[in-house]
Amino acid sequence: MARADVLPLPQRRAIWRVMARRYAHLPLLAPAVAVSVAVFWACMAVLVVMSVYPFLAAGTPRFTLDAWQRFLVDPFYWGVVGTTLRIGVVVTALSLLIGYPTAYAMSKIRRPGWALACYVVLFAPILVSVVVRTYGWLLLLSQTGAVNYVLRTLGLIGQPIPLIFNTTGIIIAMVHILLPFAVFPILSVVGQLTSDLKEAAMDLGANRWQTFRRVTLPLTLPGVVAAAQIVFTLTISAFVTPFLMGGGKVQILSGLIYRDMEAVNLAFASTVALILLALAMAILAASNVLVRRSYSRAEVLRT
Amino acid sequence: MARRMKRREFLAESAKTGLGLFALAQIGGTTLGLAQQASAGGTERLTMFVWSGLNLPVVAHEVSKFYMQNHPGVQIEVLEGQNFEVYPKMVSARKLTPDKPLVHFGYSNAQFTYQGDVDDMWETLDLNNVPNAANIADAYRRPGNKGIGFSIAPVGLMYNPTFVKEPPTSWTDMWHPRFRGKVTSVKYAWYANGLVVAAKLNGGNEKNIDPGFKLWSERANQFVAFANSNVETRDLVVRGDAWLAAMFGGNALQWKQDGAPLEFVIPREGVIAFPLYLIVVKGVTPQQKRIAEDVINLILSERWLARWATLTFYVPTTKKSVVPPSLRDLPMYSPAETGRAIQFDWLTIAQNERIWRERWDKEVVARMGR
């Protein structure tokens, strides 16, 4: 006897068709999800375990929160968090300040040859190893480097200015290295802007600054936010450039991870790695919330 | 002519690509795994670690090639790197796959050899299988024969004569005001960053390290920057960002030979003796251990130790000199110099490694000017 809740065959087929159409994209996601789970989240799970079950030379590892406690109660490590975040914020701000006008100008270039030249100049450094680029900056900015040489030759300075082995050096090199990551997301949004809205704003009496602030910037905000998030996360997790340019003097979270990995203090290194991840995720989430709220407020004002 | 791909075709192609990638990953995994397999197809495979850079890996390659020519059933892969980057991986491998060590045997510096004692990483050598160990000075035998010292890398002071007109003469020059802001070192290399030697020259020692930390916390600005490797240290001194660094004499002399503007001096207190060891890693099979001991025995032979000294300028630890005549005039090789070398208590250093790293960051690095 047929059950009452079983649909007739044609209807079932129709539902299957709808379901198949709706979820047809899922297999496409599978490789990315598999890689993400296998490489990233599985590693994160291992880090969590390692942070609470430190390796012992002899005996069975036992559960302990020592590494977490050591980090969380020590003001020194909060200072390191502060330095890491400060560098991240400054590099992000400078990258946006330089990257936004650059992207805007590039979107206005009509000649294909010029546009190509701009792309090459801006993005070619990505093709070079970060170590090589950082060494380039070391040569340029060192006390005997080109910048100090020119400044001294021009009589602008008596003694070489310390441009490396400090936060300044890290920021200069990081902005250069990450600038393409700021320009590209902004460029992709700015390139889609049409002149209609700007012309309408100016017809209604807005000056150039008001047009930029009330029309162009809000429309390009998604690109700016994406750029900021990419640059910020890459900055706070960078190791090679901050170590070389900071001369091991500027203490940041990635440096702590390296220090304790070398000393096979895997529990503490894992703890710091997880705290770095948590910080990045929290800041990304907060920036998303802020952007959503600002859009909501703009919607309210408009209505 | 371009043709639009149907969804079904796209999915099929994606699935094929995925399968292809999976197959590639499997092949890659298998290839990597080969290095760790105890034996495959009748061939005994071992991985030997050796330091990279300069001429340091040459003897390892030559000896392993020589051994394989005479033992066709043995495959020795020479893994080049630095102890500080490979050792943590060796420890992780021991934790995760205790019977498949990442490295089966090889070279290890004093710092990581004693760290390995703390982490219970080394096998006991059967000296009956290493008859050439009898030529090694007693001071370089290890407790329980967990490895054997085959050479020392004397550490002295390296400076750039372009900037330093009056050469340094003492370890105390590292914290002398004339080198303020001009000293560099590998960050946590206790043989080079002056911590232990400062403690020893100021009434302390490895077990009482506070005088060293006190001195460096007050003189933190002697350092212009820290390096991450010997090569980076060299670059800092060659560029003139730093003028002075503690460095292995062998490295400094090789760089000088290559034309770098560097000089090396032995401080009046003597060089720091940095012993180098050959070790076998726990987790090897008895057959692998026997092969490792055979190779270690070869490395300890007069022929290969003389070759090592010629290539590296490091000093073999043999009872009778195997140093070629061309090197015997170098001060580093004089028995008197080796005899008065400053010896560190590496076991105490290994036991305090994590604490000292944290203290160095908090008490010295944090006080350096930005």
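**View 1. Leu54(B) lies in the loop between strand E2 (43-51) and helix H2 (58-70) of chain B.** Helices (H or I, at least four residues) and strands (E, at least two) are DSSP runs, numbered from the N terminus. The model is predicted: local features need pLDDT of at least 70, side-chain atom pairs count only at pLDDT 80 or more, and totals for chains, interfaces and linings use all residues. Residues are numbered from 1 along each chain as its sequence is written, while chains are lettered from A and ligands numbered from 1 in the order in which they are written. Leu54(B) is not a glycine, yet its phi is positive, near 50 degrees. With 18 other C-beta atoms within 10 Å, Leu54(B) is partly exposed (buried means 20 or more such atoms, exposed 12 or fewer, partly exposed in between, with C-beta atoms placed from the backbone).

**View 2. Phe165(A) sits in the loop between helix H7 (146-153) and helix H8 (167-190) of chain A.** Phe165(A), also not a glycine, has a positive phi of about 60 degrees. Phe165(A) counts as buried because it has 31 C-beta neighbours inside 10 Å.

**View 3. H2(B) packs with helix H10 (residues 302-312) of chain B at an angle of about 150 degrees, their axes 9 Å apart.** H2(B) is therefore roughly antiparallel to H10(B) (an angle over 145 degrees, on a scale from 0 to 180 between N-to-C directions). Val58(B), Val59(B) and Val63(B) of H2(B) meet Trp304(B), Arg307(B), Trp308(B) and Leu311(B) of H10(B), contact being C-beta atoms, placed from the backbone, within 7 Å.

Key. Parallel < 35°, antiparallel > 145°, perpendicular 65-115°, else oblique. Contact = placed C-beta atoms within 7 Å.
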